[in-house]
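Dear colleague,

My notes on it follow directly after.

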Amino acid sequence: MPRESSDVAMTDPTAHPDAKTEMDELLAAYLDNELTETERSLVETRLAEDETFRSRLDELDRAWDMLDALPKADLDDEKFVRTTVEMITVAASQEIQQFEQQRKRTAIVRQVGIALGIVALVGMGYMLTQWRLNRPDRVLVENLPVIEHVDELERVDNIEFLEALRKEGLFTGETSDAS
């Protein structure tokens with residue numbers, strides 16, 4: 001397809017920092033007969049004046065000729081399409097398997113995380129309960145029977161009598177084996 005004449009300024013090798021690429025593009029378009037008459041005339045004028053430009057055109061022309069000399073691949077279109085579709089099918093099924101495995105791993109990690117979270121909450125609840133029970137109030141609760149009868153117990157002069165009452169299990173929570 002011929003270029004518009006406004007593209008000539010953009011393909012000028014001296015106007016762009018990557019002059020070699022621009023020059024190659026311009027020469028490739030010249031070789032492929034894709035330039036307008038104005039562009040073609042400008043290129044031919046430059047070819048007549050610039051040895052470097054002309055050498056590059058010869059290099060590109062030889063490269064094109066060598067590419068044309070390469071043997072053409074003989075492709076059986078039906079076999080090529082079938083093989084390509086099979087490769088795409090295999091690749092898609094592998095992706096699906098990887099996705100399913102990843103999904104299963106994610107579900108397992110999520111379940112383990114939830115289980116660990118529950119265990120952590122139960123452990124924290126147990127520790128909080130133990131902390132609450134070990135507070136000084138617990139000692140008071142344990143000694144409540146004694147506290148309730150402290151007035152009567154103060155009247156007892158004989159400590160052996162109190163020891164005997166304790167061994168009898170009179171005080172709540174104590175047994176006769178406790179020392």
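The buried residues of helix α8 are covered by elements that include α7 (150-154); contact here means heavy atoms within 4.5 Å. Helix α8 comprises residues 159-167, and its buried residues are Leu-162, Leu-165 and Arg-166. A residue is called buried under 20% relative accessible area, exposed over 50% and partly exposed in between, using a 1.4 Å probe and protein chains only. Viewed down the axis of α8, these buried residues lie within an arc of 100 degrees, so they line one face of the helix; the arc is taken from the directions that run from the helix axis to the C-beta atoms. In general, an α-helix has 3.6 residues a turn, so residues three or four places apart point the same way.

This is a predicted model, in which local features need pLDDT of at least 70 and side-chain atom pairs count only at pLDDT 80 or more, while totals for chains, interfaces and linings use all residues. Residues are numbered from 1 along each chain as its sequence is written, and side-chain values use heavy atoms, with hydrogens and water left out.

After α8 comes Gly-169, which has a positive phi near 80 degrees. Leu-170 also belongs to the segment after α8, and it counts as exposed because its relative accessibility is 53%. The C-alpha atoms of Leu-170 and Val-146 are 9.9 Å apart, although 24 residues separate the two along the chain.

As for the chain as a whole, it contains eight helices and zero strands. Helices (H or I, at least four residues) and strands (E, at least two) are DSSP runs, numbered from the N terminus. Buried residues account for 15% of the 179 residues. Of the contacts between residues at least 6 apart in sequence, 46% join residues at least 24 apart.

Helix α3 (residues 51-69) has 19 residues and should span 27 Å at 1.5 Å a residue, which agrees with the 27 Å between its end C-alpha atoms; the expected span is 1.5 Å times one less than the number of residues. Its buried residues are Phe-53, Arg-56, Leu-57 and Leu-60. Seen down the axis of α3, they fall within an arc of 105 degrees, so they line one face of the helix. They pack against α1 (19-31) and α2 (37-49), whereas Met-66 and Ala-69, on the other side of α3, are exposed. Asp-50 caps the N-terminal end of α3, with a side-chain oxygen 3.1 Å from the backbone nitrogen of Thr-52.

Asp-24 lies in helix α1 and counts as buried because its relative accessibility is 17%. Leaving aside residues up to four places away in sequence, Asp-24 touches Arg-56 and Leu-60.

In the loop between α1 and α2 is Asn-33, which has a positive phi of about 60 degrees although it is not a glycine. Asn-33 is exposed, with a relative accessible area of 55%.

Yours sincerely

Key. A polar contact is a pair of N or O atoms within 3.5 Å; within protein, one must be able to donate a hydrogen and the other to accept it, and residues adjacent in sequence count only if both atoms are side-chain atoms.
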